[in-house]
Amino acid sequence: MPEEVTSLEHPAKPFNEEMLIQRIRDGEHDLFYELIRPYEGRVYAAAFAILRNEADAEDVAQEAVLKAFKHIRQFRAEARFSTWLTQITINEARMWRRKEHANLMEPIVDRQDEEGNYTPRDFADWREIPLETLERKEIRQKLAEALASLGEKYREIFVLRDMQHLSIEETAKALGISTASVKTRLLRARLMLRDLLAPGFGGSWSSKPLFAKGTKPW
Amino acid sequence: MVVSCEEVWREISNYLEGEVDASLRASMEEHFRGCKHCTAVLDGTRNLVQLYGDERMFEVPLGFSHRLHRRLEENMPGHRRSFLGWMVAAAAAVLVAGSFEVARSSVFGRPELRSDHAQPGIGVPPDMLVVVSVDGKTFHAAGCPFIHDKAHIQTIQAREALRQGYAPCVRCMKKYLTA
């Protein structure tokens, strides 16, 4: 029986960013380190979600943070700083990819018709995996591999909404798409990830790979 | 209202977001009570959202924060170089001047770096053997885990890699970077 559900809780802002931003604008530039410290991992993750390459993601994350510093006066307080920073990172990563990989073809999965219904493929009743298992590197690795195998438009949405905890509206704004598209893609991303991870969550991760490299089950 | 499995799958994400109306919510909960498959999908999806939403999933490469802060520091207004920084900058100036002379005397000057974001190398031994991938931007020591596209790599001399616009890898060729 399902638990009493259940909107997904997302963490609040950890400190008074507004004041910090004002002081940076007033010339206390060193405070910028403090401002971005909580978001360093998120910036990297957003870049990695698009580029899927550690070295490129790091370069883009640096560029994005630098750009945020240079344009801090343009930040408008009606948005969250994290959303603004994520938006810059997404733009930088997309520009980088266009410049560096202009000749690459779009993956087939990205051209799928997202309007069609998605049918789950695995109905195994997986046991609940406690958060403590994330201490195990191989579990984090499996989750990262599954996410990396999604098509870009699903990966982006999932990272922004379920990892960066942006709202549906913020995600739509960051990517320049409608909230309806965000919801449709988010549904697909979650169900596809679940299908990818269900066999492992059933207890077989220790004995066989999650899925063969370069193949997707959908 | 009775809902089918297909309708449940279509709404399961909105259900988790708390974005279905009370009537649909009640119907879905009724469905879950009698459908093991849909309950499995719901539980699994909720579990994975919780796992991916954990801070521990934001793992960055070793030294990421240090490199990021160093890059920021270099771009802060009024940034003052350390003595070592000035020495490196002076060495860079000499090298750039030298490169300019070489480029002037050559038919082909030094090509643009393959990446706008990369830094040119300093003091790279020209005869050193390095690994590049055909579509990559950086050159590496053999075995470096950051080599792109390992299926299309070649080993060449550093002078040739530099001539082709490759820049030193920020990890394995760190000592040849200007900053």
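This is a predicted model: local features need pLDDT of at least 70, side-chain atom pairs count only at pLDDT 80 or more; totals for chains, interfaces and linings use all residues.
How many residues does the contact take from chain A and from chain B?

1. Contact between the chains. Chain A contributes 52 residues to the contact, and chain B contributes 48 residues. On the side of chain A that touches chain B, at least two residues each come from helix H2 (31-36), helix H3 (40-51), helix H4 (54-70), helix H6 (137-148), helix H7 (152-163) and helix H9 (179-204). Sorted by class, this side of chain A comprises 30 nonpolar, nine polar and 13 charged residues.

2. Overall composition of chain A. Chain A contains nine helices and zero strands, and its pattern along the sequence reads α-α-α-α-α-α-α-α-α. Chain A has 218 residues, of which 38% count as buried. Among the contacts in chain A with a separation of 6 or more, 68% join residues 24 or more positions apart.

3. Nonpolar cores. The largest nonpolar core holds 67 residues, and those with the most contacts inside it are A:Val43, A:Ala47, A:Ala61, A:Ala64, A:Phe158 and A:Leu193. H9(A) provides the largest share of this core, with 10 residues. Another core, of 14 residues, lies apart from it and includes B:Val124, B:Ile147, B:Leu162 and B:Met173. As general background, nonpolar side chains tend to be buried together in soluble globular proteins.

4. Surroundings of A:Ala47. This residue is among those with the most contacts inside the largest nonpolar core. When residues up to four places away in sequence are not counted, A:Ala47 touches A:Ala57, A:Val60, A:Ala61, A:Ala64, A:Thr89 and A:Ala93.

5. Packing of H3(A) against H4(A). The axes of H3(A) and H4(A) are 8 Å apart, and the two helices pack at an angle of about 130 degrees. H3(A) is therefore oblique to H4(A). Their crossing is right-handed. From H3(A), the residues A:Val43, A:Tyr44, A:Ala47, A:Phe48 and A:Leu51 take part; they meet A:Asp56, A:Ala57, A:Glu58, A:Val60, A:Ala61, A:Ala64 and A:Val65 of H4(A). By class, the contact of H3(A) with H4(A) consists of 10 nonpolar, no polar and two charged residues.

6. Packing of H5(A) against H8(A). Helix H5 (residues 81-100) and helix H8 (residues 168-175) of chain A pack at an angle of about 35 degrees, and their axes are 9 Å apart. The crossing in which H5(A) passes H8(A) is right-handed. H5(A) brings A:Thr83, A:Thr86, A:Gln87 and A:Ile90 to this contact, while H8(A) brings A:Glu170, A:Ala174 and A:Leu175. The contact of H5(A) with H8(A) divides into three nonpolar, three polar and one charged residues.

7. A loop residue, A:Tyr39. Is A:Tyr39 buried or exposed? A:Tyr39 lies in the loop between H2 and H3 of chain A, and it is buried because 22 other C-beta atoms lie within 10 Å, where the cut-off for a buried residue is 20 or more. Neighbours within four places in sequence aside, A:Tyr39 is in contact with A:Ser82 and A:Leu85. A:Tyr39 and A:Ser82 are 43 residues apart along the chain, and their C-alpha atoms are separated by 7.0 Å.

Key. Residues are numbered from 1 along each chain as its sequence is written. Chains are lettered from A and ligands numbered from 1 in the order in which they are written. Two residues are in contact if their C-beta atoms, placed from the backbone, lie within 7 Å. Helices (H or I, at least four residues) and strands (E, at least two) are DSSP runs, numbered from the N terminus. Ala, Val, Leu, Ile, Met, Phe, Trp, Tyr, Cys and Pro count as nonpolar, Asp, Glu, Lys and Arg as charged, and the others, Gly among them, as polar. A nonpolar core is a set of buried Ala, Val, Leu, Ile, Met, Phe, Trp, Tyr and Cys residues joined through C-beta atoms within 7 Å. A residue is buried if 20 or more other C-beta atoms lie within 10 Å of its own, exposed if 12 or fewer, and partly exposed in between; C-beta atoms are placed from the backbone. Axes are lines fitted to C-alpha atoms, for helices over the stretch in contact, and angles run from 0 to 180 degrees between N-to-C directions. Angles under 35 degrees count as roughly parallel, over 145 as roughly antiparallel, 65 to 115 as roughly perpendicular and the rest as oblique. A crossing is left-handed if the near helix is turned anticlockwise from the far one by less than a right angle, and right-handed if clockwise.
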